[in-house]
Amino acid sequence: GFRLGVFCLNMKYTSRGARLIEVNSRMGGMFVRDHNYLCWGVDLVHEHLLTTVGLTRSAPQTAPRP
């Protein structure tokens, strides 16, 4: 049911394919923000704050490739 904001999706790849572990309404931990910003140019904290105050966009501008 998540439609707006930042969320964390954890999956595990098994011999039977990808399996969902959990979905949380929070940003991922450790270096997730840094990796997203460096690879795609998307600052998850900035996007989350825009969504929180109701200034949402259909999608953040992203780099064409990582």
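**Reading the labels**

Mentor: The buried residues of H2 are Leu44, Glu47 and Leu50. Seen down the axis of H2, these buried residues fall within an arc of 125 degrees, so they line one face of the helix; the arc is that of the directions from the helix axis to the C-beta atoms. This is a predicted model, in which local features need pLDDT of at least 70 and side-chain atom pairs count only at pLDDT 80 or more, while totals for chains, interfaces and linings use all residues. Residues are numbered from 1 along each chain as its sequence is written, and side-chain values use heavy atoms, with hydrogens and water left out.

Trainee: What makes a stretch a helix or a strand here?

Mentor: Both are DSSP runs, numbered from the N terminus: helices are H or I with at least four residues, strands are E with at least two. The chain has two helices and two strands, and along the sequence they follow the pattern β-β-α-α.

Trainee: Why is Leu44 called buried?

Mentor: Buried means under 20% relative accessible area, exposed means over 50%, and partly exposed is in between (1.4 Å probe, protein chains only). Leu44 has 14% relative accessibility, so Leu44 counts as buried. Leu44 lies in helix H2, residues 44-52.

Trainee: Which residues is Leu44 in contact with, leaving aside neighbours within four places in sequence?

Mentor: They are Val6, Met27, Val32, Arg33 and Asn36, where contact means heavy atoms within 4.5 Å. The C-alpha atoms of Leu44 and Arg33 are 5.9 Å apart, although the two residues are 11 apart in sequence. Helix H1 (32-40) is included in what covers the buried residues of H2.

Trainee: What does the face of H2 turned away from its buried side carry?

Mentor: That face carries the exposed residues Leu49 and Thr52.

Trainee: What makes the pair Arg33 and Asp43 a salt bridge?

Mentor: A salt bridge is a side-chain nitrogen of Lys or Arg within 4 Å of a carboxyl oxygen of Asp or Glu. The side chains of Arg33 and Asp43 meet at 3.0 Å, N to O, and the structure holds one salt bridge. The pair links distant parts of the chain: Arg33 is in helix H1, and Asp43 is in the loop between H1 and H2, 10 residues away.

Trainee: Where does a side-chain oxygen of Asp43 reach at the start of H2?

Mentor: That oxygen comes to within 3.1 Å of the backbone nitrogen of Val45. A polar contact is a pair of N or O atoms within 3.5 Å; within protein, one must be able to donate a hydrogen and the other to accept it, and residues adjacent in sequence count only if both atoms are side-chain atoms.

Trainee: What does the side chain of Thr14 reach?

Mentor: The side chain of Thr14 reaches the backbone oxygen of Gly17 at 2.9 Å. A polar atom of the Thr14 side chain also lies 3.1 Å from the backbone nitrogen of Arg16. Thr14 lies in strand S1, and at 24% relative accessibility Thr14 counts as partly exposed.

Trainee: Which residues make the nonpolar surface patch?

Mentor: Phe7, Leu9, Met11, Leu20 and Val23 make a patch of about 470 Å². Patches are made of residues with over 30% relative accessible area and no salt bridge; like charges are joined within 9 Å, and nonpolar side chains (Val, Leu, Ile, Met, Phe, Trp, Tyr) within 5 Å. Accessible areas come from the Shrake-Rupley method with a 1.4 Å probe, and for residues only the protein chains shown count as cover. Val23 is partly exposed, with a relative accessible area of 35%. Strand S1 (8-14) and strand S2 (17-24) each supply at least two residues of the patch.

Trainee: Why is Met30 called exposed?

Mentor: Met30 is called exposed because its relative accessible area is 74%. Met30 lies in the loop between S2 and H1. Phi of Met30 is near 55 degrees, a positive value in a residue other than glycine. Most residues other than glycine have a negative phi.
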